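Colleague: I would like to go through the labels on this model one by one. For each, tell me the value and the cut-off behind the word.

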Amino acid sequence: MKTSLKWAVVLAVLGGVLTTLAFLGAFYYARVQTFSTTVPVAREIALPAVKAGFPAPPESQASAPAGTVAVRRPWFSQKIFFFHVPIAVASLLVFTIAAIFSVLFLVKRKKSYDTRSRIAMEATLIFIVGTMISGDLWTRASWGVWWEWEPRLTTYAIMTLLVIAYFVLRNSVEDEERRATYAAVFSIFAWIDAPITFMITRIMPSQHPALAAMETSNLIPFMVGMAGMCMLGFAIYELRFNEEHLRERLAALKDDLEG
Amino acid sequence: MVDATNSLLYQLVLKDAPYVIAAYAVLWLALAGYVTVTLRRLMKLDKEVKLLEDAVAAKTEAQD
């Protein structure tokens, strides 16, 4: 077994262990956070216990619209963040790796850079799908809808479509050299959406929760999950690269045997 | 007898729980499944490469 493959397996196992620890930490260690919301006065009668357990700050009471009362609601669905945010960050990281290899391919014209870029894009697609699924489940649980056209979700959805379009483009060009060049240029163009997605909640009003909303004590399982997911991302990338390398070696050996 | 605050808390938690469980289960199974399938494909390819390397070596020996 090659050294890089051994490392990939070690990272995959370590990533699995760390994400499992983050999962356990999310339930056994992290506190259930609360968020301020308002409910109609009519429903307030049903909520005295919540008000007693989680009193809303006086300033929220003062700013509550007429006919409503401010309460702090336990935010159990926030537990999804311990997996959702790390997988989203990992998707942006592997996307960046894909763009870097695309630039390297355009500069040096080496086929291996194109292969590396394609594999990183595959890993990006897996992580993007994971982010979208976990994000949608959170949106449904917290906002009561499956989708909301708000800046973060919209820019991430555009990124998803761009990554899918990358593979459509690859499959539609037959000439190997042209395919690699078009794909490299397209992946760099698509990557521009990654920093926009990351920064959008900081430059535009957005309903999407920011990391600052997380309690400091909850950061430990969150960071463990982040490290585990990044390791898994790199492991998937390395495993797939080794697989491609073996396929190329297999094709070369078949040629040797037949020639 | 369950305390009123706890009872309401449980209601709120149980309402969100299926989504939280589904998110973790889908992601974990998808990632674990992908890594396992890739590893199995790698092992199979590794065996095929070794077999072909032996075959090429035997062919070269026979030609010499």
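Modeller: Start with burial, then. A residue is buried if 20 or more other C-beta atoms lie within 10 Å of its own, exposed if 12 or fewer, and partly exposed in between. Keep in mind that this is a predicted model.

Colleague: Why is A:Arg109 called partly exposed?

Modeller: A:Arg109 has 13 C-beta neighbours inside 10 Å. Exposed needs 12 or fewer and buried needs 20 or more. The count of 13 falls in between, so A:Arg109 is partly exposed.

Colleague: Where does A:Arg109 sit, and what is its phi?

Modeller: A:Arg109 lies in the loop between α5 and α6 of chain A. Its phi is positive, about 60°, although the residue is not a glycine.

Colleague: What makes B:Asp64 exposed?

Modeller: B:Asp64 has 5 C-beta neighbours inside 10 Å. The limit for exposed is 12 or fewer, so B:Asp64 is exposed. B:Asp64 belongs to the segment after α1 of chain B. B:Lys47 is 17 residues away along the chain, and the two C-alpha atoms are separated by 26 Å.

Colleague: How do you know that A:Asn171 is exposed?

Modeller: Around A:Asn171 there are 9 other C-beta atoms within 10 Å. The limit is 12 or fewer, so A:Asn171 counts as exposed. A:Asn171 is part of helix α7 of chain A. From A:Asn171 to A:Ala183 it is 12 residues in sequence and 9.9 Å in space, C-alpha to C-alpha.

Colleague: A:Ala183 brings us to α8(A). How do you know that its length agrees with a helix of 16 residues?

Modeller: Helix α8 of chain A covers residues 176–191. The expected span is 1.5 Å times one less than the number of residues. For α8(A) that should come to 22 Å, and the end C-alpha atoms are 22 Å apart, so the two agree.

Colleague: Which residues of α8(A) are buried, and what makes them line one face?

Modeller: The buried ones are A:Ala180, A:Ala183, A:Ala184, A:Ser187, A:Ala190 and A:Trp191. Down the axis of α8(A), they fall within an arc of 135°, so they line one face of the helix. On the other side of α8(A), A:Glu177 and A:Arg178 are exposed. The cover over the buried residues includes α5, α6, α7 and α9 of chain A.

Colleague: And α9(A): why do its buried residues count as one face?

Modeller: A:Asp193, A:Ala194 and A:Thr197 are the buried residues of α9(A). Viewed down the axis of α9(A), they stay within an arc of 130°, so they line one face. A:Pro195, A:Arg202 and A:Ile203 are exposed on the other side of α9(A). The buried residues of α9(A) pack against α5, α7 and α8 of chain A.

Colleague: What does the largest nonpolar core contain?

Modeller: It has 68 residues, and A:Val94, A:Ala235 and B:Ala23 touch the most other members. At least two residues each come from α1, α5, α6, α7, α8 and α10 of chain A and from α1 of chain B. α5(A) gives the most, with 15 residues.

Colleague: What does A:Val94 touch?

Modeller: Leaving out residues up to four places away in sequence, A:Val94 touches A:Ala120, A:Ala123, A:Thr124, A:Phe127, A:Gly233 and A:Tyr237.

Colleague: How many residues are in contact between the chains?

Modeller: 37 residues of chain A are in contact with 32 residues of chain B. On the chain A side, α10(A) has the largest share, 14 residues. That side divides into 22 nonpolar, six polar and nine charged residues.

Colleague: What confidence values come with the model?

Modeller: The model scores ipTM 0.81 and pTM 0.84. Chain B averages a pLDDT of 84, with 86% of its residues scoring at least 70.

Key: Residues numbered from 1 in each chain as written. Chains lettered and ligands numbered in written order. Predicted model: local features only at pLDDT ≥ 70, side-chain atom pairs only at ≥ 80, totals over all residues. Contact = placed C-beta atoms within 7 Å. Helix = DSSP H or I, 4+ residues; strand = E, 2+ residues; numbered from the N terminus. Nonpolar A, V, L, I, M, F, W, Y, C, P; charged D, E, K, R; others polar. Arc of directions from axis to C-beta. Core = buried A, V, L, I, M, F, W, Y, C linked by C-beta atoms within 7 Å. pLDDT = per-residue confidence, 0-100.
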